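Let's walk through this model together, one region at a time. Keep the viewer open and follow along as each part comes up.

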Amino acid sequence: MAAGGTLRGVERRGLMFVLSSPSGAGKSTLARMLIDKMPDLRMSVSVTTRARRPGEVDGEHYHFIDKPKFDAMVKASELLEHATVFDNSYGTPRKAVEDALSSGQDVLFDIDWQGTQQLREKARADVVSVFILPPSAADLEKRLHTRAQDSDEVIAGRMSRASHELSHWAEYDYVVTNSELDEAYSQVLTILKAERLKRERQTGLSAFVRDLQKQLEK
């Protein structure tokens, strides 16, 4: 078997694997686990206008740009999706993703429902979306406080916004409840592996089967 679970000699178009959740429900942690353990999966690096947090590296976690540059990219249709969250803008550069998909590489997205909706509008056949639910509201609030990245005021805003974000769960292909991290990771990984094997994504499969039939007819 080749990387990604496909047959040797069978080409496969890459997919956009989307993880979304309310802030604090675990999508970013699950995304890091997938990237660390799946060498044939790459992370989409978004552009953002928000300030860089301690420990973040430009070009690795995000491409940090100013608002005029962001607006210019939107106007030039250089972004596959973009959204504004908590007064900060985020977007996905188009070219890097399209090049990866064409080469058979999968791209992982850590984005919200607005970005997911835009991806579906532009490339529905390439998108696999997973919504991550927290086990309870109390657990979500506890996680937001535990990570100690935001003020109490910001956390209150994230909790208030969470209800609206949760209302979009039914728009996703799959839903996983992150009660226990390793189990949630196992479920997300199973989804990715199954989607890679879909017949329509294995673009070289028809030729492979025809060749196999010829061999059998000899």
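The model is a predicted one, in which local features need pLDDT of at least 70 and side-chain atom pairs count only at pLDDT 80 or more, while totals for chains, interfaces and linings use all residues. Residues are numbered from 1 along each chain as its sequence is written, and side-chain values use heavy atoms, with hydrogens and water left out.

Ser23 has a relative accessible area of 14%, so Ser23 is buried (under 20% relative accessible area; exposed is over 50%, partly exposed in between, with a 1.4 Å probe and protein chains only). Gly24 is placed in the loop between β1 and α1 as well, and with 17% Gly24 is also buried. An unreviewed UniProt entry gives the feature "binding site" at Ser21, Pro22, Ser23, Gly24, Ala25, Gly26, Lys27 and Ser28; UniProt positions are in the numbering used here, feature names are shortened, and annotations may be inferred rather than shown by experiment.

Next, look for the open sheet of four strands, with mixed pairing and the order β4-β3-β6-β5. Strands pair if DSSP finds at least two bridges between them. At the edges are β4 (63-64) and β5 (79-85), each pairing on one side only. β5 and β6 (residues 88-93) run antiparallel and are joined by six bridges, and Val85 stands opposite Asn88 in β6.

Now to the aromatic rings: how many aromatic pairs does a search of the whole structure find? The search finds three, counting rings of Phe, Tyr and Trp (its six-membered ring) with centres within 6.5 Å; planes under 30 degrees apart are stacked, over 60 edge-to-face and the rest tilted. Phe131 and Tyr172 have ring centres 5.1 Å apart and planes at 65°, so this pair is edge-to-face. Because Phe131 belongs to strand β8 (residues 127-133) and Tyr172 to the loop between α6 (152-166) and β9 (174-177), the pair ties together parts 41 residues apart in sequence. Phe131 counts as buried at 2% relative accessibility, and Tyr172 counts as buried at 8%. Elsewhere, ring pairs link Tyr62, Phe64 and Tyr90 into a cluster.

Key: Helices (H or I, at least four residues) and strands (E, at least two) are DSSP runs, numbered from the N terminus.
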